[in-house]
Amino acid sequence: MPEISVIIPVRNSASTLTRCLESVISQTYSDWEALCVYDDSDDNSLAIIKKYCEKDSRFVLVRGRGVNLSCARNDGMKSASGKYILFLDSDDAFLPNAFLRVKAEFEKRGCDIIVFGTKLEPNNPRVDCRLQLSMSTPNKFYRSFSAKALFGEPSARPFVWRNAFRREFIEKNSLYFDEGCKVGEDHVFQLCAFPFAENGILFIKDSLYRYTWSRKGSLMDTYNRNSVFKLKGHIKMVDSVFLYWEKREFSRISKKDISVWALYFLTEEIPYLPNEKLCALSGDLDELFHAHIDDRTLRSLPRVTRKKALKLQSHRTYTKNRFIIFSGQMWWCWHFGGAGIAMRLLFARTRRCIENRTAFLEGACQK
């Protein structure tokens, strides 16, 4: 039995797959298996996987069901035999010491989940401030679950490939990806998994993963170009999380915390859409409120969060006000993470403004 299982969903990934698999074979720790979950592709992805399987028996070909990313990851988890589980996207890569570092930290802390740092690629276009902040992982250990670990740490969500899990923890709590989610399935998985972490959640600053955050033709790029499809997916994500915890009677996380997350998450983009796109989402939003966010729940929420609920319920398009949006982000950080997290956001935004101003002045001088 290997110590580490890496789950790699593969579909039309030939252009990046070799780099991805080479990052696994180049690890300084050798006791691993890489489960390449292959779904039907239009390129030679399968041939690349078979080549690596023939070259190194630690690579395993798993035939996926060809439905979506959630199914591929579930198929990989069912086939995994390692003590610890990591996820790797086929257009990304691990840094050479990733497996060794993760194994050492699990053995040292005995925790259920590890969240590690990430290097963002490429450098151009410029990385969004909030994405950059979410990739800046602190060195911090939560001995048991708290809402601060899930909502207060910007690096806790939304990407599952920067998490490592004990397989026993996943199996004990029957944790799998929601196969009905076509968008943000990893976000849902984290919101369902983290509250079960009785043995703790460890955040480590070291960057162990290379994330290709901008690539034309990627799944993320496809979703971002169809805003209605993406935001319908976001509404489905919120519904999935509510349904999951309603079945468990909010035993490990409060409905209030989930409601605050849901309303902030949905109001990041939806109220600022053109009228025709907002109308396309209005039915889904009404169903969500009717099913999960009743008047009693709304009355229990902070006043600033109730205002966000009214924005969604009004089905009106609002003009983006960057100051108001940033103020909301600061409130979120303070509410769940305290003053320290809020100040990290403020410093990151200030640094980005200075960098943008400097770049503008340098460009003007060159002209």
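Trainee: How many nonpolar, polar and charged residues are in the lining of the second largest pocket?
Mentor: That lining has 8 nonpolar, 2 polar and 4 charged residues. Keep in mind as we go that this is a predicted model.

Trainee: Thanks! What volume does the second largest pocket have?
Mentor: About 270 Å³. It is lined by 14 residues, and the closest to its centre are Tyr176, Asp178, Cys192, Ser240 and Tyr244.

Trainee: Which helix gives the largest share of that lining?
Mentor: Helix 10 does, with 5 residues. Helix 10 (227-247) and helix 8 (185-193) each supply at least two residues of the lining.

Trainee: Let's move on to cavities. How many are there of 30 Å³ or more?
Mentor: The count is 1. About 40 Å³ of space lies in the largest cavity.

Trainee: And which residues line the largest cavity?
Mentor: Met77, Ile85, Arg167, Ile170, Glu171 and Tyr176. By class, 4 of the lining residues are nonpolar, none are polar and 2 are charged. Helix 7 (residues 167-172) makes the largest contribution to this lining, 3 residues.

Trainee: Why is helix 3 described as largely enclosed?
Mentor: Because 8 of the 11 residues of helix 3 (residues 69-79) are buried, the rest of the structure largely encloses this helix. Buried here means under 20% relative accessible area.

Trainee: Which residues sit on each side of strand 2?
Mentor: Trp32, Ala34, Cys36 and Tyr38 are on one side, with Glu33, Leu35 and Val37 on the other. Both faces are covered. In a regular strand, side chains alternate between the two faces of the sheet.

Trainee: In what sense do strand 1 and strand 2 pair?
Mentor: They pair in the parallel sense, over 7 bridges, with strand 1 covering residues 4-10. Val6 stands opposite Ala34 of strand 2. Between the two strands the chain passes through helix 1 (residues 14-25), and this β-α-β crossover is right-handed.

Trainee: How many bridges join strand 2 to strand 3?
Mentor: There are 5, and strand 2 and strand 3 (residues 59-63) run parallel. Here Tyr38 stands opposite Arg63. With helix 2 (residues 45-55), strand 2 and strand 3 make a right-handed β-α-β unit.

Trainee: Zooming out, how many helices and strands are in the protein chain?
Mentor: The protein chain has 16 helices and 9 strands. Of its 367 residues, 53% count as buried.

Trainee: One last thing: what share of contacts between residues at least 6 apart in sequence join residues at least 24 apart?
Mentor: In the protein chain, that share is 81%.

Note on methods. Residues numbered from 1 in each chain as written. Predicted model: local features only at pLDDT ≥ 70, side-chain atom pairs only at ≥ 80, totals over all residues. Heavy atoms only, no water. Buried < 20%, exposed > 50% of the residue type's maximum accessible area, 1.4 Å probe, protein only. Helix = DSSP H or I, 4+ residues; strand = E, 2+ residues; numbered from the N terminus. Pairing = 2+ DSSP bridges. Right-handed = clockwise from strand over helix to strand, strands pointing away. 1 Å grid on protein atoms, 1.4 Å probe; cavity = no way out; pocket = protein on both sides within 12 Å on 5 of 7 lines; lining within 4 Å. Points joined across faces, edges and corners; volume = space filled by probe spheres on them. Nonpolar A, V, L, I, M, F, W, Y, C, P; charged D, E, K, R; others polar. Contact = heavy atoms within 4.5 Å.
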